[in-house]
Amino acid sequence: MAVRLRLLLQFAALKRPLITHSANYRPKLLVKYVNGRHLDLHNARSLCSTTFYDGQSASTERRAENSLPKSSTSEVVNSPLPPLGEIDKSEISEAFKMLKMKLEKLGQLTVSDLERALASLEAHSDDLTDGDCEKLLGFTLRMAQDDYRPCASVVQGVWKLCSQRSNARLTLEHIDLYLRINLHTDPLCTSEDILDLMETHQLEASYKVLESLILVVGRSGDLAGATRVLALMKERNLPVTETIFSAFIMAHASTDDCKSIESVLGAMTSMQITPTSITYEAMMYAYGVSGHAAKMKQVETQMKQAGIALSHAQLTWLLLHLAKSGQSGANFENLDYVVQLMRESESRLDLSRTILQLIHCGCLREAVYLMPLIPLIHNNNHLYANAAVYVQEMVYAHTDISLIVEMCKQLQLQEINRFALHVALEHALRMKKEELAWLLLRVVKESGCPLREHYFWPLLCMNAVASEPAKLLECVRKMIEMGQTPGLETLRDHIIPGLIVSHPDLTLQMLTRAGLTLTMAATPLLIVLIKNSMLNQAIEFVKKQKATFSLRNLMAHLASAWPSNPRTIIELLALIIKKNKEDTTESEVGEDDWGGQFVLDLAASRTGLSVEKIRPLFEELRKNDVTISESSADLLMTRSNRSIQEAIRNNINIILDPRMGQPPKEQEYNILPHPRSMTLEELDGHMVELQSKGMNVRGTLRKLMLQHATKNQPQHVLALMKKAKEIGIKASAGMMAGIIAAYVSCRNADAALDMLSELQVQHAGFSLDSFKIIDLCTLLIEEGRSEEGVLLLEEYIEKNVKVAFDATGIRRNCRNLLMAAATTGDCELTSQLFSKLLGCGFVRADNLTLGALVKCRLNSGDLAAAVTEAETILKKYKCLPMRIEILIHLIHHLKCQNESMSCLDESRDSGKLNTAGSLLDHMLNLIAECHGPRRARHDLLFACLEAGQPVEARKVVQNLGEELDMKLLNRQFDRYLKTEQDDALRHFLTASRGNTLVDRHRVFSSLLNIYYVQSAGDKALSLWTMMQEESLPPSETFLSTLASVLAANNMKIPFQIQ
């Protein structure tokens, strides 16, 4: 192949006078005046366009592009726009004006500029002229030269628009522009495509077009295509220049054949063509990307001997393609070699554009490796914005998210930007890259940097705007897992507005299901109800809930809603005040004056108070037993004008109560937070301030240690204890006990045990709270350290439990300990712990604690032992724990045995088939003995429902007949609703179909409430379909709730609500 190619090149050269250098050939072309000098267009193209680079740093590229690509682009861009005519033509003209203005004002075009113009022009493709297409290609060429972001899709769109129009008549200028665009991007065409296109449009290829084409196919490694173009040039007696040879050298890079590259150079030498930087650049490229680094360095040595050096633009192009081809070297030594050549050149080292291009090519490791070479990159490394543009482009490029995190960490290690992870997080949130944002949040937390609540707001808003309540609540769960519990502002403004609030009780259940407490969620939910003018629902919500509402946070919203619903708002205010008063033990004298605070907030609101509203307001407050203090009356008088003061003075006796205290919000003069509400950073600063003033820091130090322990940071706790010792402060026993509890809650058993040992040394006579010891034992058993847990419990009981005491407060902790032991399946361990706890009075023998003994047998897989254990407990303690769960396991076991036995030969012994059945009968007899036969059959019904056996459940329902206990059923349905066991309820609908005793409306409503909490629109709609099939008319409440669920999930509502 190499020999044939060499002969072909020589034969083609003999048809014309030999070309010793590309500068010797001067076709008759128009000479342009560019940058203050005359420039031959062909020579400029040979010397600049054949440098084969995708784009370099902005400053270097502008110096290098004072050549045909820039001149020709300017010629196309600056040509007159078509006259305005029809509307379509006007829109086309506006698109070109926009591009021209961008180019004139900003000096460059970006991919987004062309995308907008292309979207506008595609709507009027039939109205585009050939001249318009030429202008568009000129703008696209300039964009390819200017922008570092990938533009292949835009270039393809532009070419498709230009070439596939109904009235398209392409010229050689169109094709030449398209080929020159391909020189600045990854090649998007082949020689066959271009030659076939010219044949279709009956165009005769010029030398300029063929030269551009052979460069494009050469760079793409298409040796056959380059040979085809060369044969065409031979047929037309066109000269073979150094540019043609360089294209073949680059084409040979894909063959990984060094001899072929040398043969092309030999053919060039035989035709007396002197190699210049164009040839040497092509050779270094070919050897470099094919993995022959030694050969590449030999070429550089030959260049030095010939007195030739590559320009900065050529070297950056070579650097880019070495990285893109994966030939950077194991330790990036090839990149170092090229960078050294760049240092030796006269140009200033500028790699910023190349690094950006590498990022968008997926070469992040190479880009980060080159970043320290950017001048001044290490200056101001404490600034958030340092190197931020590179991090932004990493996020923008569709790169593996784990690689982005790795590179951000590398930037931090190199001290280029210590906030690289935060910068990446900011841009990930801006670009709505949710998966990357969550990963970065976890990494930021793991790195020890504090997370802020507002970091999560964009993620919450994304899901709230998309009407995806389930994903929104999942965000809340992840947020809590990362140690950031949503505060009132986050819940009020970013979470609850994205949920269904038509049924506040269920909405509150949704929030608690996501990990929030009632107290945390109740107040912001009530605020949303007030802001949405859902006051009737708000009143019912306050009446039903046991949570305490924060009047401090509610007051401003109540005041702003008062003008539109005065009576309802005051009724709601009185209800909250009364409810909060019931939850506190404050005396009537000196209690907070929330009524006065409401009137003060009302006077300060936008609508304010008018004279005619004073008396009705006071009368309504008095009617609802809301009074104000003398302090509030005085403040109200001083903040009002004369006419209102007169009205207040005449009516103040209606609601004045001297026993009331101060309005709470008016007492908040100190802008500094109390230490108990300070963050870690604030506590650090507060302790430094106290130390500088010589004040006592014990309380602040204790709070700091507790917060660090709560965040599972034992190293910080130990450092603070050491610091306390240095300044003469000894950690108190209570302080150390709190740290132990914090470690246990963080599941750090080793740190908790170390602190316990320290406590026993420093405060030998101190007795740790029993629940802390039990929780620590539970953690040890859960981590598989049962012996340590039992030993710790035995030592504590022996030393501290001397007399009987009330163990009511720790029974839940003890049950958790027993269930942790039961989870291991070690029946001996569980029985041992139960005996110890029962013997010292920590637990009582009831269903809750005895259930762990049965649970352990079930976890071990021994059903017969579980039934035996239940029988033993019944005889000894007269109770029968976990009876339904035993029945569920027996039903599953019986079903599995039946399925497996059906596959065996009938002659096989069927003794095993009756094992599960006999156990089931025996268990039912035990339940009947303890609770009666009727309850036994109901337990069997519930077990069948939870085991997923609706057919068997239907048989039980039929067997019960009139004995079906609806109260027991409703109680069980409430439990299913609370635990969201929708499958059991659905199975009951199947089992009880046609039974007139069952309130099917209640079952459907319970299921709908579950789907409301789960935001399951499809399942909720299926309930309505089932009711239609049963000819069961749904209630208005059912329909309104269903409509809310469907609307929240962006689903069509197939019915109308009256």
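# Close-up views of a predicted helical chain

The chain contains 56 helices and 2 strands; helices (H or I, at least four residues) and strands (E, at least two) are DSSP runs, numbered from the N terminus. This is a predicted model, in which local features need pLDDT of at least 70, side-chain atom pairs count only at pLDDT 80 or more, and totals for chains, interfaces and linings use all residues. Residues are numbered from 1 along each chain as its sequence is written, and side-chain values use heavy atoms, with hydrogens and water left out.

**View 1. The chain as a whole.** Of the 1058 residues in the chain, 50% are buried. Here buried means under 20% relative accessible area, exposed means over 50%, and partly exposed lies in between (1.4 Å probe, protein chains only). Among contacts in the chain with a separation of 6 or more, 71% are between residues 24 or more positions apart. A contact means heavy atoms within 4.5 Å.

View 2. The buried residues are Trp594, Gly595, Gly596, Gln597, Phe598, Val599, Leu600, Asp601 and Leu602. Their cover includes helix 31 (551-561), helix 32 (566-582), helix 34 (611-623) and helix 35 (630-638). At the start of helix 33, a side-chain oxygen of Asp593 comes to within 2.9 Å of the backbone nitrogen of Gly596.

**View 3. Helix 31 against helix 33.** Two packed helices are described by the angle between their axes and the distance between the axes. For helix 31 and helix 33, the axes come within 9 Å and cross at roughly 40°. Axes are lines fitted to C-alpha atoms, for helices over the stretch in contact, and angles run from 0 to 180 degrees between N-to-C directions. Helix 31 and helix 33 are therefore oblique to each other. Angles under 35 degrees count as roughly parallel, over 145 as roughly antiparallel, 65 to 115 as roughly perpendicular, and the rest as oblique. The crossing of these two helices is right-handed; a crossing is left-handed if the near helix is turned anticlockwise from the far one by less than a right angle, and right-handed if clockwise. On the helix 31 side, Leu551, Arg552, Met555, Ala556, Leu558 and Ala559 meet Trp594, Gln597, Phe598, Asp601 and Leu602 of helix 33.

**View 4. Helix 31 against helix 32.** The axes of helix 31 and helix 32 are 10 Å apart, and the packing angle is about 165°. The two helices are therefore roughly antiparallel to each other. Helix 31 passes helix 32 in a left-handed crossing. Leu551, Leu554, Met555, Leu558 and Ala561 of helix 31 meet Ile569, Leu572, Leu573, Ile576, Ile577 and Asn580 of helix 32.

**View 5. Helix 9.** In helix 9 (residues 172-182), 9 of the 11 residues are buried, so this helix is largely enclosed by the rest of the structure. Those buried are His174, Ile175, Asp176, Leu177, Tyr178, Leu179, Arg180, Ile181 and Asn182.

**View 6. Leu429 in helix 23.** Leu429 belongs to helix 23 (residues 420-430) and counts as buried, at 13% relative accessibility. Apart from neighbours within four places in sequence, Leu429 is in contact with Ala437, Tyr455, Pro458, Leu459 and Met462. The C-alpha atom of Leu429 is separated by 9.9 Å from that of Val395, 34 residues apart along the chain.

View 7. Gln949 sits in the loop between helix 50 (933-946) and helix 51 (950-960). Gln949 is buried, with a relative accessible area of 11%, and, leaving aside neighbours within four places in sequence, is in contact with Ile891, Lys895 and Cys944. Most residues other than glycine have a negative phi. Gln202, in the loop between helix 10 (191-200) and helix 11 (207-219), has a positive phi of about 55°. Gln202 is exposed, at 73% relative accessible area. Arg747, in the loop between helix 40 (733-745) and helix 41 (749-762), has a positive phi near 60°. Arg747 is partly exposed, at 46% relative accessible area.

**View 8. Cys361.** The structure holds 0 disulfides, a disulfide being a pair of cysteine sulfur atoms within 2.5 Å. Cys361 is in no disulfide, and the nearest cysteine sulfur, that of Cys363, is 5.6 Å away. Cys361 counts as partly exposed, at 37% relative accessibility.

Technical notes: Polar contact = N/O pair within 3.5 Å; in protein donor to acceptor, adjacent residues only side chain to side chain.
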